[in-house]
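Please examine the sequence and the three-dimensional structure shown here before reading the notes.

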Amino acid sequence: MALADSVPGVSGGTIAFILGFYDDFVNSLNNLISSNKSGRISAFKFLSKIGIGWASGLILSVLFITNIFEKNIYEISSLFLGFIISSIPLIIKSEKKTLIKNKKNIVFLIIGTLVVGAMTYFNPVSSTGQSFSIKYNNLNLLFTIYIFISGLIAISAMVLPGISGSTILLIFGLYAPILNGIKEILKLNFDYLPGILIFGCGVLLGVLLTVRTVRHLLRNFRSQTIYCIIGLMIGSIYSVIMGPTSLEIPRPPMSVQSFSIIFFIIGCTLVPALEKLKDVLKNKETELEIE
């Protein structure tokens with residue numbers, strides 16, 4: 001989940017959805033906030049297992065990705081496209097009955113696609129060529145609010161299967177600055193700490209606002225939500241293609257010439273491999289129960 005959350009493309013929520021524990025994940029987050037003592041303890045146990053792996057994965061991915069992201073942006077973007085495109089059929093397959101029964105709600109797919117497309121097209125970085133830095137001496141009131149809101153929206157996307165929170169940061173021009181800030185803090189350079197703390201506050205508020213909303217939508221408006229999720233993923237394809245324009249030194253959008261078929265195939269292979277792993281683990285668990 002952390003590896004997915006830290007790269008534009010597929011969200012950690014999508015990975016949880018594909019591996020079959022998304023509902024447990026959202027319910028545990030909700031119970032941690034609003035349940036009784038026993039419910040909070042149970043939720044904490046479940047989330048701590050994910051949390052340890054998530055924190056480890058995030059640190060590893062930040063240290064690795066920041067070193068290669070700008071240098072190999074087109075190869076990485078091709079990999080992200082593979083992640084997204086291979087995930088869409090898996091979500092459709094897992095929710096096939098719900099989607100077929102409610103075909104009229106396909107309008108939510110169109111809405112999701114248009115929302116991400118509009119966010120990408122009108123984002124302040126690709127339209128102005130401006131680049132951001134979250135170093136403390138660059139912070140002013142408007143930029144502080146911008147970072148806070150970006151954190152709030154990004155974590156909402158990370159919790160929701162569909163568009164990656166990192167894609168949101170890429171759209172807002174804060175993907176590289178946030179990753180670089182985390183990397184500098186890990187190196188004990190605290191010039192970036194205020195910016196990361198502001199972003200973290202947005203993340204915390206986003207979790208509180210999002211979890212109950214997503215839980216309610218999946219329980220009461222599941223088909224509309226799933227269609228919208230698929231739309232968000234389709235729209236994020238455009239976001240990844242335009243991603244190079246939001247780098248610190250803007251580069252042209254990904255084209256047929258800069259597209260890497262090898263990295264795309266790798267991306268298309270990894271996500272189905274995770275689903276296959278889930279099936280293998282389920283079969284082993286069933287065999288143990290029978291024994």
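The briefing below treats the overall fold, the pocket and the cysteines.

This is a predicted model, in which local features need pLDDT of at least 70, side-chain atom pairs count only at pLDDT 80 or more, and totals for chains, interfaces and linings use all residues. Residues are numbered from 1 along each chain as its sequence is written, and side-chain values use heavy atoms, with hydrogens and water left out.

**Overall fold**
- The protein has 14 helices and zero strands, where helices (H or I, at least four residues) and strands (E, at least two) are DSSP runs numbered from the N terminus.
- The C-alpha trace spans about 60 × 45 × 35 Å along its principal axes.
- Of the 291 residues, 45% are buried, that is, under 20% relative accessible area, with exposed over 50% and partly exposed in between (1.4 Å probe, protein chains only).

**Largest pocket**
- A pocket is an open set of points on a 1 Å grid over the protein atoms alone, where a 1.4 Å probe fits, with protein on both sides within 12 Å along at least five of seven lines; lining residues have an atom within 4 Å of a point.
- The largest pocket has a volume of about 810 Å³, the volume being the space filled by probe spheres set on the points, which are joined across faces, edges and corners.
- It is lined by 32 residues, and Asp5, Trp54, Ile155, Met158 and Val203 are the closest to its centre.
- Elements giving two or more residues to this lining include helix H4 (37-68) and helix H12 (193-220).

**Cysteines**
- Cys201 is partly exposed, at 44% relative accessible area.
- Cys228 is also partly exposed, at 24%.
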